[in-house]
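I opened a new notebook page for this protein. I want the overall picture and a few single residues.

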Amino acid sequence: MPESIDTPQTPLFQGAFFENFLAISRYETIIGLLILAFAFWVIYRLQKRKSSFFMRMSVGLILGAVIGLGIQAWQGFPDQANIVLKETATWYGLFGRTFIAFIRMLVIPLVFVSIVKVILDFGGDQRLTKVARRGIFWLLFTTGIAALLGIFIANIMRLGYGDALIETAAKEREYTTLVDTFVNLVPNNIISAMNNNNIIGLVIFSALVGVAANRMRPKAEEAISIFQKLIDALHKIVMSITMTIIKYMPYAIIALLAGTIMTNGIPAVIKVSSFVIAIYIATFIMIMIHLVIVAGHGLSPLMFLRKSRDTLVMAFSSRSSVGTLPLAISTLTERMGVSGSTANLIPSLGTTMGMNGCAGFFPALLVMMVAHMVGIETDLQFYIMLLIVIVIGSIGIAGVPGTATIAATIALSGMGMGEYFPLIGMVLAIDPMIDMGRTMTNISGALTASVVTDKELGLLDQGRFQDPNAYLESGEEAS
């Protein structure tokens, strides 16, 4: 029982060094670390066997839940974390908190090079500029709707209210005018903006760099070509670092989930279940909104849904917007009659910006939940700022499994709440459960943006879109 564990006779090691500095004073703590090492070994073996990222994430999720609940049960499910649970959770935090720190470290370079690259890649081709402009509008517009949806659902479901994960007095917020709010978005010192995680200021600066480079292209083609190659190289390097860190996410979720359960017990699991429900409610509603947008352009939403369902299922199962891209392009051109330029450009842009799920309602739900947890007042000004942060921050988020964490980091940092990032560790730990719905929404948004862009520019083959036979594969109608 917890009472006997905390008695003076129980410590294996005594003294301030072991109890306060090393945080290993009980034999149970050492056993907990050995259990974590075994769990890491299981993930390592799966990685050596080339198991999919989804499989490793799922196994990590299960191991984290089993370890956390198992150690809680071993200690008799105490109302408050005892010394064993605190020490074990502290060492588990070494891995979970380090992973979070690495993710936050990448935000500044990733946002800068991604936005500059997007503008350089598509700003110099006048033929594609018109298509890109419309497509980007629809990608970001639907992301804005998704963000508003996330804010609404978080308030309706009261995510984070009454949560015991942190005890913090509500901070007083200084009220400023809307004009001052927009003026303050422009940084007077870009280095200071980076140091203070001013993401919106960084986005504005990055966009100016990209636009200026495109304007200078005719006058200094050779220099701008070298600059673009440098940005491409930096993007590849930063993405390589990002993917290297994301590769270790299955290890991190074991430590994050187990540590959170040990510290907070069953109530933490219940809180996360409400977040999972909120994600899938947002997924369903957002796809319905996509169908309404399609219908508003005079196209059959049922035909759109029928022809896109295979692509949506692949997105749901693969949890990768980039991995689903080839099928999305094929669906648009062969089944929906979208022109080749639009079908190739818009979904490609949709894997790096305006992802309705990963960079839309997901960060909105997280920020609202954290704000409720720490007692930050969520007024109209807060909502407007959050909408701006999410829409702008959605530019440059890679559509691969795990990088929705980047979107969450950008949103929290952009709202001046970066210090509370550790509070979302429990949500990151159950990432596989929610990433499927998010990815399906990303792809649905990209397909919608492509179809309506082509329709508005008069490029859509409406006969092919409405033709049920265009849905055939190998001469057989799909069931």
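I looked up lysine 50 to start. Lysine 50 is exposed, at 73% relative accessible area; exposed means over 50%, buried under 20%, and partly exposed in between, with a 1.4 Å probe and protein chains only. I found lysine 50 in the loop between α3 (27–48) and α4 (53–74). Lys50 also belongs to a positive surface patch with Arg45, Lys48, Arg49 and Lys247. A patch takes residues with over 30% relative accessible area and no salt bridge, with like charges joined within 9 Å and nonpolar side chains (Val, Leu, Ile, Met, Phe, Trp, Tyr) within 5 Å. A salt bridge puts a side-chain nitrogen of Lys or Arg within 4 Å of a carboxyl oxygen of Asp or Glu.

A note on the source. This is a predicted model: local features need pLDDT of at least 70, side-chain atom pairs count only at pLDDT 80 or more, and totals for chains, interfaces and linings use all residues. Residues are numbered from 1 along each chain as its sequence is written, and side-chain values use heavy atoms, leaving out hydrogens and water.

Next I checked threonine 378. Is threonine 378 buried or exposed? Threonine 378 counts as buried, at 16% relative accessibility. Threonine 378 sits in the loop between α16 (357–374) and α17 (380–393). Beyond neighbours within four places in sequence, threonine 378 is in contact (heavy atoms within 4.5 Å) with Met368, Ala371, His372 and Tyr383.

Last, the whole protein. I noted 21 helices and 0 strands; these are DSSP runs, H or I of at least four residues for helices and E of at least two for strands. Of the 479 residues, 53% are buried.

Definitions and conventions
Areas by Shrake-Rupley, 256 points an atom, 1.4 Å probe, with all protein chains shown as cover. Lys, Arg positive; Asp, Glu negative; His and termini not counted. Charge placed at Lys NZ, Arg CZ, Asp CG, Glu CD.
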